[in-house]
Amino acid sequence: MSSYLKELEKYRDIDEDEILRTLSPEELEQLDCELQEMDPENMLLPAGLRQRDQTKKSPTGPLDREALLQYLEQQALEVKERDDLVPFTGEKKGKPYIQPKREIPAEEQITLEPELEQALANATDAEMCDIAAILGMYTLMSNKQYYDALCSGEICNTEGISSVVQPDKYKPVPDEPPNPTNIEEILKRVQSNDKDLEEVNLNNIQDIPIPKLTELCEALKTNTYVQSLSLVATKSGDPIANVVADMLRENRSLQSLNIESNFISSTGLMAVLKAVRENATLTELRVDNQRQWPGDAVEMEMATVLEQCPSIVRFGYHFTQQGPRARAAQAMTRNNELRRQQKKR
């Protein structure tokens, strides 16, 4: 150890700056390359930081990905395939497996009387279905065959056992017809305060212009007969939600509002909920199935609105958080109980 320290003493007074000044540019570049800290074993670092850049060739041009892929593919095709150690001749070796036949022991063999053997041999598929139903062998037939054989005293099902694999035929259910509501006519009736118009249903009409919906909500501000407004699946967004919120602040006859399955964000829902607090006639509100989840703040606001508005007895929304869900359920129970007590009086 002492000899090693003595060897280091002669380097104590060396002037490093003087040595660096005497080095040539090539020697400085080599020194800089040696001083770079590289970690070739660290897989978390990019390849450029794990090893030194030893490329001395200047770039030939920009990267052409297609040309590079074609070159690699051509190079791979030119590589000679490795010869098999044992050449393939297509010869099949060995014998195919044949499952041995199991002989039924004498004690397990069932013998029937000659009359029964002859009856079963001549029975049709429908008769076999009825016999299977009587014996409780319902796995050999479809549900329709089984219950037909149990309920009828005669052989009426002639489908046969082959129908077990066939599905039951169901009558196709036609699609719902399009909404026949005429938006122009409804708008005129709302603006004229028609006393025979109590429900406005615009569900599934997806081509309603925003100005028309805006005029409808503006007319509902002063309408005194419409009790239900439904705008389900009309592609309504936040602009319509804000107009509906303004309508709720002034309308005093609307009892049901349904704006489910639309593109209303948390901002639009928050505006509607704040307007509901200022409306004392609304008893039903449905805002579920929007394009995106409104968030925790909106769900907390929903629970708060239900607690502060005893007039709402029906609320359509699927809560994702346990806290707002419990508060909303408790508030709805209280509101319905208050409504029941008011009807008794």
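Mentor: Start with strand S4 (residues 284-286), which runs parallel to S5 and is joined to S5 by 3 bridges. Strands here are DSSP runs of E with at least two residues, and helices are runs of H or I with at least four, numbered from the N terminus. Two strands pair if DSSP finds at least two bridges between them.

Trainee: Which residue in S5 is the bridge partner of Glu284?

Mentor: Arg314 is the bridge partner of Glu284.

Trainee: Before we go on, what kind of model is this?

Mentor: This is a predicted model, in which local features need pLDDT of at least 70 and side-chain atom pairs count only at pLDDT 80 or more, while totals for chains, interfaces and linings use all residues. Residues are numbered from 1 along each chain as its sequence is written, and side-chain values use heavy atoms, with hydrogens and water left out.

Trainee: Back to the strands. What is the order in the sheet?

Mentor: The open sheet has 5 strands in the order S1-S2-S3-S4-S5, with parallel pairing. Strand S1 (199-201) and strand S5 (314-316) are the edge strands, each pairing on one side only. On average, neighbouring strands are turned by 5 degrees against each other, direction ignored.

Trainee: And what holds strands together in general?

Mentor: Backbone hydrogen bonds pair the strands of a sheet, either parallel or antiparallel.

Trainee: Now helices. How do H12 and H13 pack?

Mentor: Helix H12 (residues 266-276) and helix H13 (residues 296-308) pack at an angle of about 15 degrees, and their axes are 10 Å apart. Therefore H12 is roughly parallel to H13. Angles under 35 degrees count as roughly parallel, over 145 as roughly antiparallel, 65 to 115 as roughly perpendicular, and the rest as oblique. Axes are lines fitted to C-alpha atoms, for helices over the stretch in contact, and angles run from 0 to 180 degrees between N-to-C directions.

Trainee: Which residues meet there?

Mentor: From H12, Ser266, Leu269, Met270, Leu273, Lys274 and Val276 meet Ala297, Val298, Glu301, Met302 and Val305 of H13. Contact means heavy atoms within 4.5 Å. The residues of this contact of H12 with H13 divide into 8 nonpolar, 1 polar and 2 charged. Ala, Val, Leu, Ile, Met, Phe, Trp, Tyr, Cys and Pro count as nonpolar, Asp, Glu, Lys and Arg as charged, and the others, Gly among them, as polar.

Trainee: Glu301 is on that list. Which side chain does Glu301 meet in a salt bridge?

Mentor: The partner of Glu301 is Arg277, at 2.6 Å, N to O. Glu301 lies in helix H13 and Arg277 in the loop between H12 and S4, so the pair ties together parts that are 24 residues apart in sequence. A salt bridge is a side-chain nitrogen of Lys or Arg within 4 Å of a carboxyl oxygen of Asp or Glu.

Trainee: How many salt bridges does the structure hold?

Mentor: The structure holds 12 salt bridges.

Trainee: What about H13 and H14?

Mentor: The axes of H13 and helix H14 (residues 322-344) come within 8 Å and cross at roughly 20 degrees. That makes H13 roughly parallel to H14. This contact of H13 with H14 has 7 nonpolar, 2 polar and 4 charged residues.

Trainee: And H10 with H11?

Mentor: Their axes come within 8 Å, and H10 and H11 cross at roughly 10 degrees. The contact has 8 nonpolar, 1 polar and no charged residues.

Trainee: Last topic, backbone angles. What is phi of Asn204?

Mentor: Phi of Asn204 is near 65 degrees, a positive value in a residue other than glycine. Asn204 is found in the loop between S1 and helix H10 (210-220). Ala233 also is not a glycine and has a positive phi of about 55 degrees. Ala233 is in the loop between strand S2 (228-230) and helix H11 (238-250).
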